[in-house]
Structures are given as structure tokens and as C-alpha cells.
Amino acid sequence: MKKNDLINNQLLSMGYLPLPYNKDCDKVFYKEMDNGLIVCVGIVSSSLYQDRRKTVSFYMALSYTWAMHSPILLPQDCYLRIGEILDKNDLWFRTTTKKEKDYMRQSVQQAAKVYEKQSDIILHNIFKESQYMKYKEYIYKLIV
């Protein structure tokens, strides 16, 4: 089994699908929420660690674009790292053993559930953000 198969399979079982194009992450998955938001989960490797540790970023917005986070256009809670969601320090996972992969998989599952539950609050915050119209215009220009 490949290094990330356990984590990828976990996300697939939770209703996430692979996002076809991404350049900044090893793998990005997305899930459409009932309220119109799209949650993206990106698995990121770091070349700063010799063992290529991984972390996970969560992005929630009205687009599939990974990750078009702009602190000017979107509220801060639209883009969070797994450690922020789980109220821990910035989490980096070793994935060299099954035990380490299982820990990452369980952490991703837990964080995804917590983050998904925040979707209505995040949607409310996006709409009340003073820059929402600029964000909407930016999304439109990306599509065109």
C-alpha cells in the first residue's frame, strides 16, 4: 500500500473526492457542503524535514480553487491548518510507520468533522465580510 493510501481512503470514505488540479500540495480533496460551500483538504509535504513530514490544511469557500485564501477577501477561518482546528500546535506528521499513518488518518478524520460543522458559521462570516463582492468578482474572473 502506498504511503498516503490510508489517508486518501479515509477522505474518500468521508465523501471527499480528489481535486484534479493542484500544484502546492501532494493531494487535495474536496467536498460540497449542503449550504453551497466547498471544503478542500490538502495534504502538504515539507522539504524542511528530512523525513518529508506532512501536514494538512483545510480551506472552505465558494470555489474549488486550492487554496485561494486571501486575508483581505475572506475571513481567517476559511483557511485553517489541522493543528488550529484540533487546538494543538502546528501538527506535522511522520508517515514512515503504520502507527504514524493511523495517527494522521485519525487526526484528519477528527479535524474534518469539526471543520465541516463550522460551515454555516463560516458562510455567515463570508457574507458579512465587507470584501464579499470583490471576492465574488474575483471568483467570476477565475472562471471566465
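Residues are classed here as buried at under 20% relative accessible area, as exposed at over 50% and as partly exposed in between, with a 1.4 Å probe and protein chains only. The model is predicted, so that local features need pLDDT of at least 70 and side-chain atom pairs count only at pLDDT 80 or more, whereas totals for chains, interfaces and linings use all residues. Residues are numbered from 1 along each chain as its sequence is written, and side-chain values use heavy atoms, with hydrogens and water left out.

By these criteria Tyr49 is partly exposed at 28% relative accessibility, as is Trp92 at 24%. Tyr49 and Trp92 form a tilted aromatic pair, with 5.5 Å between centres and 50° between planes (ring centres of Phe, Tyr or Trp, the last by its six-membered ring, within 6.5 Å; stacked under 30 degrees, edge-to-face over 60, tilted for the rest). Because Tyr49 lies in the loop between strands S3 (38-45) and S4 (54-61) and Trp92 in the loop between helices H2 (82-85) and H3 (98-117), the pair ties together parts 43 residues apart in sequence; helices (H or I, at least four residues) and strands (E, at least two) are DSSP runs numbered from the N terminus.

Six salt bridges are found in the whole structure, each defined by a side-chain nitrogen of Lys or Arg within 4 Å of a carboxyl oxygen of Asp or Glu. One of them joins Asp102 to Lys98 at 2.9 Å between the closest N and O atoms, both residues lying in helix H3, four residues apart. Asp102 is buried at 17% relative accessibility, whereas Lys98 is exposed at 55%.
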